[in-house]
Amino acid sequence: MTPRTPQADPTSSTRRTLLRGTAAAATAALATAALAPTAHAADTTPYPSKDPSTNPSGARTGTPPRGPRIGILLYDGYSLLDPTGPAEILSRVPGASVTMIAERRGPVRTDTGDVAVLAERSLDEAGRLDVLLVPGAGNRGVVAAMENQTLLKWIRHTDRRTRFTTSVCTGSLVLAATGLLDGRRATTYWASAPYLEKTFDVTYVPERYVESGKFITAAGVSAGLDMALYLAARLTDEDTARAIQLAVEYDPRPPFDAGNAQEASEELKARALKIVEDSQA
């Protein structure tokens, strides 16, 4: 029997053309948005080499980015959405670069132990950053980070030249441990709020994100997306941030009205914390 020649789907070409056209239009719109000026001189820190023998991570190389340099700190036991949610938003900022940074290059595991994200740069390779983001973690991860003097020293050093220093969830506890939040207003994961106020000279504010000077802290996990969109507007303008929001179709409509700790019952809070505890490695 003579093999049948596959017939082309008459609609597939149209779909591809439509998607390409839509994507091109969106990219052009974002690319024409003007970036807010920065007071910092251009950073000439070279990217790691593309040579796999010297750069096994495969990090991007070449000319430093023309837009804001955004560094997201990873440490053992962080919560997955804390760095990756904001990275999804901030990587769409025109001209920006987003780099995952850890004490050493390589995979860094989350609080559940099920997922790892690749750190492209070590602390020593990070260079100057316009934006630093510190994610949160479960108890094990955040306590270890708060006691890690190498991390705390690097955060303080990096903060000297950032435009914005930010955190998500219990990442504000790590920032507070550096002393950078002394006397400031900040937010954090709802269950960690008493600890933040009692342990540090910080005023807790129960909002999705809180700006205090150049410091922007976000509440638990998903609030990092809200903070990242606000930060995108600060780095560019509101129209660009709105376009980014639409580009990633961030229009949350959760099936349950249970995400606000201020309105949750004590029973639900206890169950939520038990779920978090049981899920951590």
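Leaving aside neighbours within four places in sequence, which residues is D226 in contact with? They are R208, Y209 and Y250, where contact means heavy atoms within 4.5 Å.

This is a predicted model, in which local features need pLDDT of at least 70 and side-chain atom pairs count only at pLDDT 80 or more, while totals for chains, interfaces and linings use all residues. Residues are numbered from 1 along each chain as its sequence is written, and side-chain values use heavy atoms, with hydrogens and water left out.

View 1. D226 lies in helix 7, residues 223-235 (helices are DSSP runs of H or I with at least four residues, strands are runs of E with at least two, and both are numbered from the N terminus). D226 counts as buried because its relative accessibility is 19% (buried means under 20% relative accessible area, exposed over 50% and partly exposed in between, with a 1.4 Å probe and protein chains only).

**View 2. The covering of helix 2.** Of the 10 residues in helix 2 (81-90), seven are buried, namely D82, P83, G85, P86, A87, I89 and L90. The elements that cover these buried residues include strand 1 (69-73), strand 7 (164-168), helix 7 and helix 8 (238-247).

View 3. Strand 10 (residues 209-212) has V210 and S212 on its covered face, whereas Y209 and E211 belong to the uncovered one. Its pairing with strand 11 (residues 215-218) is antiparallel, over four bridges (strands pair if DSSP finds at least two bridges between them), and E211 stands opposite I216. Two residues lie between the strands of this hairpin, in which G213 takes a positive phi near 65 degrees.
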